[in-house]
Amino acid sequence: MWFYLTTIMVYGAVDALACLGLNMEFGVAGISNFGYIIFQAAGAYTAAILSMPHAATSNGGFQQYVLGWNLTWPLPWIGAAIVGGLLALPFVFLVGKRLRGDFAAVGLLVSAVLLNLLVKNYIPFLNGDAGISIVPAPLQSIFDPQGIGYQLAYGAVAIVLAVLVYFFLRRITESPFGRSLRAMRDNDVVADSLGKNLRGQRTSVLVLGGMIAGLSGAVLVGFISLWAPGAWGYAETIVLFAAIIIGGAGNHKGAVLGAILVPLGFEEITRFLPAFGPPSLVPALEWVAIGLLIILFLWFRPNGILPERRRVLSTVVGRTPVEVVASSDDDDSVNIGAIDEFNFRAVLPTTSVVNDHHPILSTELLTKSFNGVTVVSDVSITIEQGRLTGMIGPNGAGKSTTLAMLAGTLSPSSGTIMFEGNDITHVPSYKRAQMGIVRTFQLASEFKKLTVLENLVCAIPRQSGDSFWGSVRGRRFWGADDKANIERAEEILEGFGLSQYADAYAGGLSGGQRRLVEIMRALLAEPKVLLLDEPMAGVHANLARKIGNHLTKLCEGGMTIVMVEHELAITDEFCDPVIVLAEGRVLAQGTMAELRANSEVVEAYLVG
Amino acid sequence: MSSFGFGLITAAVLAIATVGFTMQFAVTNVLNLAYGSVMINSAYVTYYFNQRGASIWIALFAGVACGSIVSWLLNRFIYTPFQRRNLIPITLVIVSLGVDLCGTFGLQGIVGGSYVSYTMSQGHEFHILGMLLSGVQLIIFAICAGVLILIHWLLKYTRMGKAMRATSANPNLARNSGVKTKFIISMTWIISGALCGLAGTVFAMNSGVFEATSAELYIVLLLAAMFLGGPGEPYGAMLGALVIGLATEISAAYITADYKEVIAFLVLLGMLAFRPYGLFGSEKTL
């Protein structure tokens, strides 16, 4: 009985550890690590061979393996965590910025299959298919491994570890860094454009998750004392994914619940089932059940049993958060009047900028082609500081592509981009954002499962808690800074008349409201040059005019703005100068009055 | 030299499978990781009729029909409803893994875990250009080559093929230009499903013995071939399959059979890392 109980304790703790690590990667940071099980396997093997004597001297050498350092506990466990973390590094190239999430996932899945195949077939490394057995009991220097005391102590150690990891991960997830991770999960291209270093963030999460998985493997192998390729087939990762999806991705409590329900629950239930059918039937049905559970949960309860909770940040006490149900595209709910009195400059850095209209951003012979089709060709433009430059042109003229190249979202096929005298052609977009080039997107680009306020705060640069180590140092380190940032975001939210939505998920706002959130977010990123891709699309005409007025004021205050716009009335009123693109080339530039006098431009675009 | 011959047969089977897989990806943007389980289920349907006295070449059609129907059902009742919910793309991949588990292990639950093989004669042996090939292998090769030519004809010279290519390039534009994309997507799943069923059966024939989980590793070869030629590119898939098929069989002969898939893994990882849009594609394809 005791033995059974301690077994459950250890298995439960191991599964909880594994699910917590995977939840950090998948549920929080959005990395679909389909090869997660290899990190657990690496930890188990490492703990085994570090604690075992040299292969030649052990048990007459009936098994082959490398190392064999005979280390005492806890060194093998520490080694397991380190190896689990290090193993993450080669995979960074797959989850780096450029690869589609599902392609990266497939790459990781295939890596898991490949490593299993290699370990299974190459015997001298880790004893091949037979695996490693007679791994010494880790706590034997303290307890007698035969007694029930040992079992209990082992269970206790495992559970304490799981609890510590739970609190550690929660500390990171609830920090500004955790916010950035969730932003990356919701929309990585946009997070990148706001200055988040995707590769860096993903690397730290993969290493952290790998260490936790490695540790879980070490705890497991120390208990069952053997480890073989059969224990870590790629499908085991799917079991862990099922656990997280069922428990609630993004919620660490959900991950623990999932661990208890799925890997542990399945194992224990089948133990008590009467034997029926041929021996392969029960395991086969288990797999079918896991497959079905994944599909059914994703359909009927995609957020799991314990969904990720909404973070209420707003400092205004007693406000009843408005639950936004996806509403139609109207801006009735926006308090347009409030914007009139609002001074944008209040939320911007107070460094006084003198408008001297020097060339701040310029391109030379910028060209972009896809599949041999040239979309932008030889565009040479100069953006002057402190001006609101408009960019117009018919559909397919290359406006958005040009904007994307200026922001670094796309890299040009040829040509150069200069910013304040520096060549930034090859500077990645997150660095450009940090230098002060911030863009918005034509399509909706809010972080759906972040609240409106979180969307805004997340864009603020130089947050003290927005790094892995900053988040580890805890709320005492970043709390005051974060509070100031939240207040700053609330101020601008008030100015746009959207205060009542502060704690609502941004994904539930109307189209016009989401545009506003996006503009606010970009402003909070402290841009020197703000690149707006059709910011007024879907925005009420009255509101658009007011925003236009404020953009003009921002320019007077020293900001440089480039705005791609379809609505000629808007460019007419606010933009000077205006660049006309057609078929990927610069057709003309100048004031709207000059352009109207230019017959070529009128023919290409302004007619009708 | 005979490993070259085996390589050609493997490549031909792989080409059929990969073309179907890549067509599904092209029109619906789904990496259908359950493809291998549909293949093996189709192989078993063929086996069922073969066991009841039908000639393998007749039973084959049952396998093809199975692949076609199951794929259509999958798309109609699982993938399309999930896609309509506008979820993140990875959700569909996870769903397809769930389907794969149900398909593979559901089959294993029904047929048990033992190996089976078709009742068929291997035919005469032929020496062609120094390669020793059995009659069955030659027929497999001929079927695959014929089907590939048929696919080529379909894509290049029929309205349906043009509509498929248009749907894969830009579904919205295709719809606005009067293509009935819903119908085209259904047809694509029916046709690609038929390829999947055919591939499953000839794969089972070619391997001699098989069981419910035999196609587990096959998805890796498929993915490697697809990414080599560029995801969503049927002609790229054919070329990719040729390279991967030859490479696995030749490396099996010259290095060791235990590691024969390793080369496919390495190709796949290399492509994902450096050219995820295929050897000849460029980034807009994604």
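Colleague: How many strands form the open sheet in chain A, and in what order?
Modeller: There are 6 strands in that open sheet, and the order is 7-8-9-4-10-11, with mixed pairing. Keep in mind that this is a predicted model.

Colleague: Okay, which strands stand at the edges?
Modeller: Strand 7 (437-439) and strand 11 (585-590) of chain A. Each has a single partner strand, so one side of each has no neighbour in the sheet.

Colleague: And what does the twist average from one strand to the next?
Modeller: The twist averages 20°.

Colleague: What holds strands of a sheet together, by the way?
Modeller: Strands of a sheet pair through backbone hydrogen bonds, and the pairing is either parallel or antiparallel.

Colleague: Let's take strand 10 of chain A. Is its pairing with strand 4 of chain A parallel or antiparallel?
Modeller: Parallel: strand 4 (residues 388-392) and strand 10 (residues 578-582) of chain A pair that way over 3 bridges. You can find Gly390(A) opposite Val578(A), and Ile392(A) opposite Val580(A).

Colleague: What about strand 10 and strand 11 of chain A, parallel or antiparallel?
Modeller: Antiparallel, over 5 bridges. Look for Ile579(A), which stands opposite Gln589(A) in strand 11 of chain A. Strands 10 and 11 of chain A form a hairpin with 2 residues between them. In that turn, Glu583(A) has a positive phi of about 50°.

Colleague: Which strands does helix 15 of chain A lie across?
Modeller: Helix 15 (residues 399-407) of chain A lies across strands 4, 7, 8 (529-533), 9 (560-564) and 10 of chain A. The helix runs at about 150° to strand 8 of chain A.

Colleague: New topic: in the largest nonpolar core, which residues touch the most other members?
Modeller: Leu17(A), Ala15(B) and Leu268(B), out of 292 residues in that core. Helix 1 (residues 2-28) of chain B gives the most to this core, with 16 residues.

Colleague: Why does the core lie between domain 1 and domain 2 of chain A?
Modeller: Because domain 1 (13-233) and domain 2 (336-606) of chain A both give residues to this core.

Colleague: Leaving aside neighbours within four places in sequence, what is Ala15(B) in contact with?
Modeller: Cys144(B), Leu148(B), Ala237(B), Met238(B), Ala241(B) and Leu242(B).

Technical notes. Residues numbered from 1 in each chain as written. Chains lettered and ligands numbered in written order. Predicted model: local features only at pLDDT ≥ 70, side-chain atom pairs only at ≥ 80, totals over all residues. Core = buried A, V, L, I, M, F, W, Y, C linked by C-beta atoms within 7 Å. Buried ≥ 20, exposed ≤ 12 C-beta atoms within 10 Å, placed from the backbone. Helix = DSSP H or I, 4+ residues; strand = E, 2+ residues; numbered from the N terminus. Domains from an automatic or database assignment. Contact = placed C-beta atoms within 7 Å. Pairing = 2+ DSSP bridges. Axes fitted to C-alpha atoms, helices over the stretch in contact; angles between N-to-C directions.
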